[in-house]
Amino acid sequence: MEQSARVASVAREEMHAFSKTVRDELLLIEGMGVAGDAHAGTLVQHRSRKRRNPNVVNLRQVHLLHAELLEEARAAGHDVGPGSLGENILTAGLDVLGLPVDTLLHIGDTRLRVTGLRNPCRQIDELSAGLLKVVVARADGVASASDVTLGPTGGADNVDGRAIVRRAGIMAVVERGGVVRPGMPIGVELPPSGQRRPLAPV
């Protein structure tokens, strides 16, 4: 468990929009997601994915993003804050990108199961030109001035023909509901060591 991990802010939006409105608290519903959020549901709610196949299980009920990424984006000149990138839960002090699939996150009475990475899309650059270069980087750590190549589903394929890392947060499903508020600690329960799989886009 990472003792310093905590909830920095929470956000939700009733309508499908890229950014979400910061709230005082969220109500998480088991098997559904965030009450009153456009992405809540047992089946996929993402608009383009729903058009392709509306009967897919929703692995994207809750979007978590690390506050450290927003700090990096602001340092690069982007005007972003809590909710800007569409996250439901902004975390602080937690390496969300380093968590394996099926990690359990305990926040108050709630339990979330991590399902995978958020796949960044073109809308990020519509929010702030060049922001996509902050949330997608070359896996080898080499800085690049190149535009990010986007795949057919909006996800990044490569930068300079090199493998990339997606840094736009992670997705989770609600295994036990309850209320989440800013300031609450986040407990981390990793899967057994022999069953840990790296995150992939969902």
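This is a predicted model: local features need pLDDT of at least 70, side-chain atom pairs count only at pLDDT 80 or more; totals for chains, interfaces and linings use all residues.
**Entry 1**

Is Asp-147 buried or exposed? I looked up Asp-147 and found it exposed, with a relative accessible area of 62%.

I count residues from 1 along each chain as its sequence is written, and side-chain values use heavy atoms, with hydrogens and water left out.

I then asked which residue forms a salt bridge with Asp-147. The partner is Lys-133, and the closest N and O atoms are 3.7 Å apart. A salt bridge here is a side-chain nitrogen of Lys or Arg within 4 Å of a carboxyl oxygen of Asp or Glu. Lys-133 is partly exposed, at a relative accessible area of 37%.

Asp-147 sits in the loop between strand 9 and strand 10 (149-150), and Lys-133 sits in helix 4 (residues 132-135), so this pair ties together parts that are 14 residues apart in sequence. I took helices (H or I, at least four residues) and strands (E, at least two) as DSSP runs, numbered from the N terminus.

**Entry 2: Arg-138**

I searched the whole structure and found 12 salt bridges. Arg-138 counts as buried because its relative accessibility is 13%.

One partner is Asp-140, whose side chain meets that of Arg-138 in a salt bridge of 2.7 Å, N to O. Asp-140 is partly exposed, with a relative accessible area of 42%.

The other partner I noted is Asp-160, where the closest N and O atoms of the salt bridge are 2.9 Å apart. This pair links distant parts of the chain, since Arg-138 is in strand 9 and Asp-160 is in the loop between strand 11 (156-158) and strand 12, 22 residues apart. At 36% relative accessibility, Asp-160 counts as partly exposed.

I also found a network in which salt bridges that share partners join Asp-102, Arg-111, Arg-113, Glu-175 and Arg-197.

What else does Arg-138 touch, leaving aside neighbours within four places in sequence? I listed its contacts (heavy atoms within 4.5 Å). Among them are Ser-144, Val-159, Arg-162 and Ile-164.

**Entry 3: Arg-166**

Next I looked up Arg-166, which lies in strand 12 (residues 164-166). Arg-166 counts as buried, at 18% relative accessibility.

The side chains of Arg-166 and Asn-119 are joined by a polar contact of 2.7 Å. A polar contact is a pair of N or O atoms within 3.5 Å; within protein, one must be able to donate a hydrogen and the other to accept it, and residues adjacent in sequence count only if both atoms are side-chain atoms.

Beyond its neighbours within four places in sequence, Arg-166 has contacts including Leu-97, Leu-117, Val-135 and Pro-201. I also checked Arg-166 against Asp-147: the two are 19 residues apart in sequence and 15 Å apart in space, C-alpha to C-alpha.

**Entry 4: The sheet**

What is the order of the eight strands in the open sheet? I read 2-1-6-5-13-8-7-15, with mixed pairing. Two strands pair if DSSP finds at least two bridges between them. Strand 2 (21-23) and strand 15 are the edge strands, and each pairs on one side only.

Strand 5 pairs with strand 6 (residues 89-92) in the parallel sense over three bridges. In strand 6, Thr-91 stands opposite His-66.

Helix 2 (residues 67-75) lies across strand 5 and strand 6 and runs at about 55° to strand 5. For such angles, axes are lines fitted to C-alpha atoms, for helices over the stretch in contact, and angles run from 0 to 180 degrees between N-to-C directions.

**Entry 5: The cores**

Which residues touch the most other members of the largest nonpolar core? I found Ile-89, Leu-105 and Leu-112, out of 26 residues in that core. A nonpolar core is a set of buried Ala, Val, Leu, Ile, Met, Phe, Trp, Tyr and Cys residues joined through side-chain atoms within 4.5 Å. Elements giving two or more residues to this core include strand 1 (6-12), strand 5 (62-66) and strand 8 (110-117).

A second, separate core has 20 residues, including Ala-73, Ile-124, Leu-132 and Val-159.

How values were computed:
Buried means under 20% relative accessible area, exposed over 50%, partly exposed in between (1.4 Å probe, protein chains only).
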